[in-house]
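Me: I am new to this structure and would like to learn how to read its features one at a time. Could you take me through them slowly, with the general idea before each case?

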Amino acid sequence: MNTVLFYVQHLLGIGHVYRATRVARALASAGARVHLAWGGSVPSSLDLTGLEVTFLEPLRSDGSTFERLVTLDGTVVTEAHQQRRRDALLALLQRLQPDAVMTETFPFGRRQLRFELEPLMQAARAAPWRPLTVSSIRDILQEGRKPRSLAESMAAAHAWYDLVLVHGDPALIRIEATLPGAQQIADKIRYTGLVTPDRTHALGPPSMSAPVVVSAGSGAVGHALTEAALDAPRHCKRFPSGWLIIVGPERNPAHTVALAARAPPGVTVVREVPDLVRVFTAAAVSVSGAGYNTVGEILRAGCPAVLVPYSGNGQTEQPRRARMLQERGLTRMLGEDEVSAATLGAAVDAAAQWRPQPCDLDLDGASRSARLLLNALDARRRSQCAPSPQA
């Protein structure tokens with residue numbers, strides 16, 4: 001049985017977490033032993049079935065600028081905290097002696113965590129059993145990175161990684177569009193398709209249902225969207241009631257309670273749901289941010305959707321994704337700076353009279369990721385076992 005050590009750490013949004021655990025569960029379903037090294041909070045709706053987990057002392061970003069790392073209670077992370085996490089990771093590597101080591105986002109992000117990721121990858125490369133090393137990244141990276149940062153990422157990819165799994169469909173976007181210099185590692189890159197819920201997850205009755213579903217992803221951002229949604233029904237001719245607002249598991253619980261208390265009749269506010277893709281499938285219109293995970297669930301559900309991409313602090317990923325999907329006729333878009341109760345109500349009315357184009361993108365990225373990784377391990381094993389050519 002192949003053993004895979006998969007490092008997972010979210011700093012703000014939780015789309016990374018759902019993508020990573022879907023890949024991990026696909027690997028486990030394919031017969032691998034998957035051990036997650038987990039460094040953040042754990043959403044209650046997350047499915048860790050069939051996975052082993054080591055929980056590192058959790059940390060997160062202190063905000064969307066990613067300037068500081070803090071503990072979950074907001075205390076600045078100390079060198080001692082870093083050392084304990086680093087020691088725990090290296091000990092886990094030695095104990096498991098995995099056949100493959102995967103890192104989510106790194107080395108093309110997570111620079112704040114180099115204090116533990118660089119030692120981990122150096123140790124993996126130097127290990128006597130020489131595990132396959134794999135980077136797991138989304139299809140659209142943050143643009144505008146400094147040349148020095150890009151150079152460091154490329155150097156790390158060259159030195160420490162055998163494969164770079166890009167969780168996207170090249171028919172939508174190729175990684176070089178947002179990763180300058182990607183051609184330097186073209187031999188390592190494999191496209192997996194978009195990692196979305198299995199199609200069977202969209203079937204069956206949802207835990208909650210409403211004609212209009214407004215979701216703010218993790219809830220770490222998207223406050224303007226949920227605020228506007230409280231008053232939007234009175235500006236919506238088609239659906240003056242029957243709105244469900246999902247604020248996200250990273251939103252402060254007290255804020256969620258306060259938002260629910262202000263909600264008018266016909267508007268329900270909840271923190272999260274366990275089956276978002278089913279909730280989307282049952283909806284007449286979805287309104288949401290344009291994060292990777294939420295968009296994947298929308299595409300799997302096939303419902304009319306209005307994307308409101310987060311663009312604060314120079315973020316480019318969500319606006320690019322929303323524009324591309326609108327151009328393909330798969331979703332509609334409302335700019336974050338255009339959001340108000342009136343514009344949101346009008347956007348829902350327009351979307352209710354529109355039908356998205358059939359989705360022709362590869363949505364089976366989890367199972368394909370598992371096949372690519374396990375096939376690479378099999379190929380390596382066969383190569384190592386092949387007899388040496390005789391002189």
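Reply: Let us start with burial: a residue is called buried under 20% relative accessible area, exposed over 50%, and partly exposed in between, using a 1.4 Å probe and protein chains only. Arg-60, with a relative accessible area of 28%, is therefore partly exposed. Before going further, note that this is a predicted model, in which local features need pLDDT of at least 70, side-chain atom pairs count only at pLDDT 80 or more, and totals for chains, interfaces and linings use all residues. Residues are numbered from 1 along each chain as its sequence is written, and side-chain values use heavy atoms, with hydrogens and water left out.

Me: In which strand is Arg-60 found, and which residues does Arg-60 touch, not counting those up to four places away in sequence?

Reply: Strands (E, at least two residues) and helices (H or I, at least four) are DSSP runs, numbered from the N terminus. Arg-60 is found in strand S4, residues 60–61. Contact means heavy atoms within 4.5 Å, and, with residues up to four places away in sequence not counted, Arg-60 touches Leu-11, Arg-68, Leu-69, Val-70, Thr-71, Leu-72 and Gly-74. The C-alpha atoms of Arg-60 and Gln-9 are separated by 8.4 Å, although these residues are 51 residues apart along the chain.

Me: Is His-167 buried or exposed, and which side chain does a polar contact join to that of His-167?

Reply: His-167, in strand S8 (residues 163–167), counts as buried because its relative accessibility is 0%. A polar contact is a pair of N or O atoms within 3.5 Å; within protein, one must be able to donate a hydrogen and the other to accept it, and residues adjacent in sequence count only if both atoms are side-chain atoms. Here such a contact, of 2.7 Å, joins the side chains of His-167 and Ser-136. Leaving aside neighbours within four places in sequence, the residues in contact with His-167 include Arg-19, Asp-139, Tyr-292 and Ser-369.

Me: What does the side chain of Arg-300 reach, and where is Arg-300 found?

Reply: Arg-300 is found in helix H8 (residues 292–301), and its relative accessibility of 14% is why Arg-300 counts as buried. Its side chain reaches the backbone oxygen of Leu-363 at 3.1 Å. Beyond its neighbours within four places in sequence, Arg-300 is in contact with several residues, among them Thr-196, Asp-198, Val-277 and Asp-364.

Me: At what angle do H8 and helix H9 pack?

Reply: Two packed helices are described by the angle between their axes and the distance between the axes. The axes are lines fitted to C-alpha atoms, for helices over the stretch in contact, and angles run from 0 to 180 degrees between N-to-C directions. H8 and helix H9 (residues 317–327) pack at an angle of about 20°, with their axes 11 Å apart. Angles under 35 degrees count as roughly parallel, over 145 as roughly antiparallel, 65 to 115 as roughly perpendicular and the rest as oblique, and H8 and H9 are therefore roughly parallel to each other. Tyr-292, Val-295 and Leu-299 of H8 make the contact with Glu-317, Arg-321 and Leu-325 of H9.

Me: Which residues of helix H5 are buried?

Reply: In helix H5 (residues 223–231), the buried residues are Leu-225, Thr-226, Ala-228, Ala-229 and Leu-230. They pack against several elements, including strand S10 (212–215), helix H6 (253–262) and helix H10 (341–352).
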